[in-house]
Amino acid sequence: MSRLTESSAWFELVRHRQQMAGVSLRALFAGDSGRFPRYTAEACGILLDYSKNRVTDETLGLLMALARECDLESWRDDLFSGQRLNRTEDRAVLHTALRNRSDRPARLDGLDVMPEVRNVARRMSRFVDGVHFGAITGHTGRPFKDVVNIGIGGSDLGPLMVSEALRPYHNPNIRVRYVSNVDGSHLYDALDWLDPENTLFIITSKTFTTEETMTNARSARDWFLREGGREADIARHFVAVSTNQAAVQAFGIGPETTFSFWDWVGGRFSLWSAVGLPVALAVGMDRFDEVLAGAFAMDEHFRTASLDSNLPVLLGLLGVWYINFWQAGAHAVVPYDQYLHRLPAYLQQLEMESNGKSVDRDGRPVDYATAPVLFGEPGTNCQHSFFQLLHQGTQVIPADFLVAAESHTPIGHHHRILLANCLAQTEALMRGRTAEEAAAELAAAGTPPEVAALLLPHKVFPGNRPSNTLLYRKLDPYTLGALVALYEHKVFVQGAIWNINSFDQWGVELGKTLARALLPELTTGPTPDHDSSTAGQVRWLRERMAAGETGV
């Protein structure tokens, strides 16, 4: 057994879970009129209602005891003090410095990184203003109209999600597109109808060697040259976000249009750095600064608030409660906001790449579950797809609901209908519908008894399905920054409890290594090193590719 599963708090939670097995949320609400005010917390303009969870005061007390036994507060201090928490790569984790709005230094090995951070931010601001006001143009002097960001993983998911979320704030003269997939159709569609004279490309790759990104970047470069651009014009139409200055210059991009970030910025935590350049171009640097300000406010809340009123701590511990003690293998995130349609995809990387680990910080196998499978879609769309499983499936899947009081697009009664649906779904998941209630409804509708008997089992909802609701006034840049930082810190909390490194991602390496070996074999044929399945697939694909090339 591990230190975690041998801890006294863990044993107490196992015992408490057995006691809670027969307790229903419906009964908890019926017996406690003050449940809502007691199980809500608010910070940075976000209200977290966690009252629809299978928890009591005892549950929360035991979860807080577990957090303290796992030294969560010390880990939190280390996060903000520049400690090398990413042990396998010997790196500090200082992405919070990127949104530091205070005068406090952010030290790495005794040196304050804030002067470098602010210098890059100033360069970003000058560049964005230059593009917006026409001081920076393409090679023919025409102002830029289209921006194509080429990246993958954290260089795509974060900026794309934020760009979509802040669509109401976009500069009307700039259109931003994102290309990540090495599937050529992604780049082909992004370039469709673009004019190379007013198109700006951002190549985002820390090493400037990421295969998918550089394949797309080279093809974009070829397109630009084929459409009339010259080699000397590359530096006017391509900028880089990278640490590999030599590779950037070899591509044709000069140092004046290269924006740096640092090895203490993990990919999925890099949105706040120059990786956010396409967001700043879309909404302006002032709005981008508001995103950073919201994230900083959540940082300060996480850093200073007591555990029992701390939003990231509460979300993180509730996740531990379900994953480890209720065997919940999945978690749904449901934003009732179409502009947040990319949030679940962003959170998939944030949670599953961070905490999808089976060994602890010391390399020992864990004997407890870690990250759940995270999925989601915007409401109300998902009410007509996977909500059937949430309500009546055999698995209990906790869910987060996010919704704003105020809409950016107040068309008719749309937003009130949206709000009603969001609130109704959380209530339905909590309450369910008993057989008696279903029978009464069928009788009231005049359903013949023989038909009612057939329908009755299908009309029963077990209820007792947990959910969190996150409410805020409006999805503005500040609120968005706070929401993203909230989920970042939630992931950190869970990593601290599970004693895993949330900041490396070795699991992505093996497939890449094998892909590099397989690439030439799609031309030459498989080597004997492969299993029969992989070798057979290579042969089958080579035959069809050859037939397509010859027109057979």
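**A charged patch and aromatic pairs**

Arginine 118 sits in helix α6 (residues 114-132); helices here are DSSP runs of H or I with at least four residues, strands are E runs of at least two, and both are numbered from the N terminus. The model is a predicted one, in which local features need pLDDT of at least 70 and side-chain atom pairs count only at pLDDT 80 or more, while totals for chains, interfaces and linings use all residues. Residues are numbered from 1 along each chain as its sequence is written, and side-chain values use heavy atoms, with hydrogens and water left out.

With a relative accessibility of 34%, arginine 118 counts as partly exposed, a class between buried (under 20% relative accessible area) and exposed (over 50%), with a 1.4 Å probe and protein chains only. Together with Arg101, Arg122 and Arg126, Arg118 makes up a surface patch of positive charge.

Turning to the rings, Phe, Tyr and Trp (its six-membered ring) pair if their centres lie within 6.5 Å, with planes under 30 degrees apart called stacked, over 60 edge-to-face and the rest tilted. This rule gives 20 aromatic pairs. One of them is the edge-to-face pair of phenylalanine 224 and phenylalanine 238, at 6.0 Å centre to centre and 80° between the planes. Because phenylalanine 224 lies in helix α9 (residues 211-226) and phenylalanine 238 in strand β8 (residues 238-241), the pair ties together parts that are 14 residues apart in sequence. Both phenylalanine 224 and phenylalanine 238 are buried.

Definitions and conventions:
Patch = residues over 30% accessible without salt bridge, like charges linked within 9 Å, V, L, I, M, F, W, Y side chains within 5 Å. Areas by Shrake-Rupley, 256 points an atom, 1.4 Å probe, with all protein chains shown as cover. Salt bridge = Lys/Arg side-chain N within 4 Å of Asp/Glu carboxyl O. Lys, Arg positive; Asp, Glu negative; His and termini not counted. Charge placed at Lys NZ, Arg CZ, Asp CG, Glu CD.
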